[in-house]
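Have the structure open while you read.

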Amino acid sequence: MLLQSSNVRRRHNYKISISDESSRGNLERVSNPIKPVRVGIEGVSYSLTHVPDLVRYGSKPLREIRARPLLGQQLAERLRDFNAATAYAPHQVYIGNIAPEQLRELAKPWYEKLIEGATAEGRFGDLVQQDRFYAQLGGSDHFELVKFEEQWFREHAAQHWSGREPRLGSLTEVEARCAKGALALYSARRLVGAFEQGHEEDASLVAEILLENLAAKVTAAHSLRALLSTLKMDHGEIDYVISCSEEAVGDRYNRGGGNLAKAIAEDVGCQNASGSDTKAFCAGPMYAMVHGASLIQSGIANKVAVVAGGSLAKLGMKFESHLKKNMPILEDVLGSFAAILAPAKAGQPSIRLDSVAFHPVRAGTSPQAMAESLAERPLAKLGLKLTDVDRYGVELHNPEITTPSGSGDVPRTNYLTLAALAVMRGQIQKSEMEDFVRARGMLGYAPTQGHIPSAIVYLGHALENLRAGKIRRALLIAKGSLFLGRMTQLSDGCSFLVDCNDV
Amino acid sequence: MQKGKKIIAIGERDGVPGPVIAECLEGAGYEVVFQVTECFV
């Protein structure tokens, strides 16, 4: 079988023979000139919401503490305060105050070697304190789910509040709700609120799930609000919002029914926007960017916001290994981002829609097959080699979080796979693999929030480097573990190139 | 020697997937009683 690698506009000048294993990577030049298809990236904003007192409600801690209540006390003793979370080097990279390339030079462990003078405001993101997050929860609650203790709220959260009037009550009232099964919300050791279920008989509307959903909504809304403010863009200009958050908004008749995107649009005040959700496990944001860019390219929308809120379920996912290693609990933040897409302007960093690659069913799920599908083939389509990419944005999980549990250094594994493929194709020597990894890769700096580390986290630095002329192009590659849902044994993935619209 | 030996195969998404391990081991005569691929991040 010989497939013509073409999109509907047939703008590629390569075709790829995929008839059998031996022909992988064989390229045949054809005559049509390349005409890039670009959609502009107006900007991107990231946020980390520091919620140490919600770590106990992460999926893993919740299960383990129920089974062994003493673990709750141990966990509480290892939580970081906001200053420590702010001065944590990977977080400073995340919000744009430190370049990823600099991280390599910083002394480890990063959780001990904190950055002096670190601020919670970054060049393209910020860190949000828990009190402010609680105020956001109260201001975005349309169904009287959360109630805060009045005195605490007025002293600590009211200054951050906006939106709907929060429900406030006495400590006795809050305690009574918790006694009836509401989730207790703490600030340090103090009980400050109660989060209730949405329906007595609906397992999709229990308090744990609704808190997860509302947390995703308010953290995504925060990032979008911040981005609109940075860009000085009128909220009414957004035509469409795509959420790629990791949640399952819905009821018992439609678990995961979705369209959190529209709820986020409403929360931010994007009155002219509608929206929808795009999900593909950790690869969701990359698909969402492609879908958003396609809406622009087709003329259906003029400005699209792609957003994702944080994953509460993943808080404290590896807390046991952190406890064993006498480390602080590093998975104490909800990651979120927002990007705005529009027709490409001259010189603007853009998505190359003609570079987009999806991982097809037939491709196989070995790391090599993924790299071929998501890096080699899309580059070949554009007449490029693996060595023509200045930076690869892969799954940039912070290794300081993952290695203590034996999960390895995920980005390094991904970079080595790309380097090995470059060796196999004769683009570099085997002895140059480490140079390839160092020059075109970076250390991971994202919290293990699933969708957030998966390449999209690098977009902010990529845009800065493209604007500054430090790089010509970056390839973002994300993978999704579809098999976790028990519907297929397959993995998945999506990639695209970003460069400047200089043609 | 391998024939009849029971195996649980746990693969990893960024490494070797579970079905691949199972196929190799079954080819060598093992009985794979359970295989799964996990994602550790």
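1. Let's start with helix α10 of chain A. Of its 9 residues, 7 are buried, so α10(A) is largely enclosed by the rest of the structure. Keep in mind throughout that this is a predicted model.

2. Which residues of α10(A) are buried? They are A:Leu260, A:Ala261, A:Ala263, A:Ile264, A:Ala265, A:Asp267 and A:Val268. As for what surrounds them, the buried residues of α10(A) pack against helix α9 and against β10 (240-243), β11 (274-277) and β12 (304-308) of chain A.

3. Now for the helix α9 of chain A, which covers residues 207-231. Its 25 residues reach 36 Å from the first C-alpha to the last, close to the 36 Å expected at 1.5 Å a residue. Here 21 of the 25 residues are buried, so α9(A), too, is largely enclosed by the rest of the structure. Just past its end, A:Lys232 takes a positive phi of about 55°.

4. How do these two helices pack? The angle between α9(A) and α10(A) is about 55°, and their axes are 9 Å apart. That angle makes α9(A) oblique to α10(A), and the crossing is right-handed.

5. Zoom in on that contact and you'll find A:Ala216, A:Lys217, A:Ala220, A:Ala221, A:Leu224 and A:Arg225 on the α9(A) side. They meet A:Leu260, A:Ala263, A:Ile264, A:Asp267 and A:Val268 of α10(A). By class, the contact has 8 nonpolar, no polar and 3 charged residues.

6. A few backbone spots deserve a look. Most residues other than glycine have a negative phi, and most peptide bonds are trans. A:Ala188, in the loop between β8 (183-187) and β9 (190-195) of chain A, has a positive phi near 55°. A:Asn326 also has a positive phi, about 55°, and sits in the loop between α12 (319-324) and β13 (333-343) of chain A.

7. Are those two residues buried or exposed? A:Ala188 is exposed, with 11 other C-beta atoms within 10 Å. A:Asn326 counts as exposed as well, with 7 C-beta neighbours inside 10 Å.

8. There is also a cis peptide bond between A:Lys108 and A:Pro109, with omega about -5°. Look for A:Pro109 in the loop between α5 (100-103) and β5 (125-128) of chain A.

9. Finally, the chains meet: 9 residues of chain B are in contact with 14 residues of chain A. On the chain B side, the residues divide into 6 nonpolar, 1 polar and 2 charged.

Note on methods: Residues numbered from 1 in each chain as written. Chains lettered and ligands numbered in written order. Predicted model: local features only at pLDDT ≥ 70, side-chain atom pairs only at ≥ 80, totals over all residues. Helix = DSSP H or I, 4+ residues; strand = E, 2+ residues; numbered from the N terminus. Expected span 1.5 Å × (residues − 1). Buried ≥ 20, exposed ≤ 12 C-beta atoms within 10 Å, placed from the backbone. Axes fitted to C-alpha atoms, helices over the stretch in contact; angles between N-to-C directions. Parallel < 35°, antiparallel > 145°, perpendicular 65-115°, else oblique. Left-handed = near helix turned anticlockwise from the far one by under 90°. Contact = placed C-beta atoms within 7 Å. Nonpolar A, V, L, I, M, F, W, Y, C, P; charged D, E, K, R; others polar.
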